[in-house]
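Visitor: I would like to learn how to read a protein model. Could you take me through one, a feature at a time?

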Amino acid sequence: THLDFFILFSAAGGVLGSAGQANYAAANGYLDALADHRRGAGLPAVSMAWGLWEEVSEMTGGLGEGDLARLRRAGVLPLSSADGLALFDLALGQDRPLVLPVRLDLAAMRARPGARPALLRGLLGAAPSRAVAGSTPVAPGGTGDAGEPGATLSLSGLPATERAHALRELVRTQAALVLGYAAADAIDDERGFLDAGYDSLRAVELRNRLSAATGLRLPSTLVFDHPTPAEVAGRLNELLRERERPDAEALLARL
């Protein structure tokens, strides 16, 4: 049977990646590959990898305000039904097997250098070079520049006790932002992340924020390996001390 159209609906997470949704991304990637395969065989096909829609569906009905806030911080904005239908018509006119009808906040994505999708480098431009930790101060009480994605934490010259406190405030501030709270006071640094409402997606976001603030390469399992803010702060302190420890070979060479 001859078909004029063969249209597949997939999701942008299969192309751009989506933390904690590897199986979902793989399923959508299969649809995109099927469209490409059909096009290669001279058959009609287009896969539309949709972003988030404003109108609530069965798939998005379980998203809470915290989930939506996380997506906004990641640069993903919802599509209105009118915009979605207009993009559908526009996609049909493209001679491509795959299109991404997605509404993106490029400014928000540029502000998250540690979490930029590699495929969007052409849109976002070159990522700024990561500053060495110590270039941007954090105000007492966990407020200040390090509350913003990409800011770094000033620890140079701090006594050990003040440094430990600054790291605890950093972790509490970033943990609160990920959960959508306005202040670090909402986070008990002895309460487990899982008890506070963290899942794998929030864990990855917090890891990214702490990596940007300290300049450290941190594992995605950070909050599971160190399940309270106090333990994460302690681990950050250990890693920063290790990074600052003089290299024995370099010292010998200088001597």
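This is a predicted model: local features need pLDDT of at least 70, side-chain atom pairs count only at pLDDT 80 or more; totals for chains, interfaces and linings use all residues.

Visitor: How many helices and strands does the protein have?
Guide: Helices (H or I, at least four residues) and strands (E, at least two) are DSSP runs, numbered from the N terminus. Here there are 12 helices and 5 strands.

Visitor: How many of the 255 residues count as buried?
Guide: Buried means under 20% relative accessible area, exposed over 50%, partly exposed in between (1.4 Å probe, protein chains only). In this protein, 37% of the 255 residues are buried.

Visitor: How are two packed helices described?
Guide: By the angle between their axes and the distance between the axes. The axes are lines fitted to C-alpha atoms, for helices over the stretch in contact, and angles run from 0 to 180 degrees between N-to-C directions. Contact means heavy atoms within 4.5 Å. The axes of α7 and α9 (residues 200-214) come within 10 Å and cross at roughly 140°. That makes α7 oblique to α9 (under 35 degrees is roughly parallel, over 145 roughly antiparallel, 65 to 115 roughly perpendicular, the rest oblique). Among the residues in contact are Leu-170 and Val-171 of α7 and Leu-206 and Leu-210 of α9.

Visitor: Where does Tyr-181 lie?
Guide: Tyr-181 is in the loop between α7 (160-179) and α8 (193-196). Tyr-181 is partly exposed, at 38% relative accessible area.

Note on methods:
Residues are numbered from 1 along each chain as its sequence is written. Side-chain values use heavy atoms; hydrogens and water are left out.
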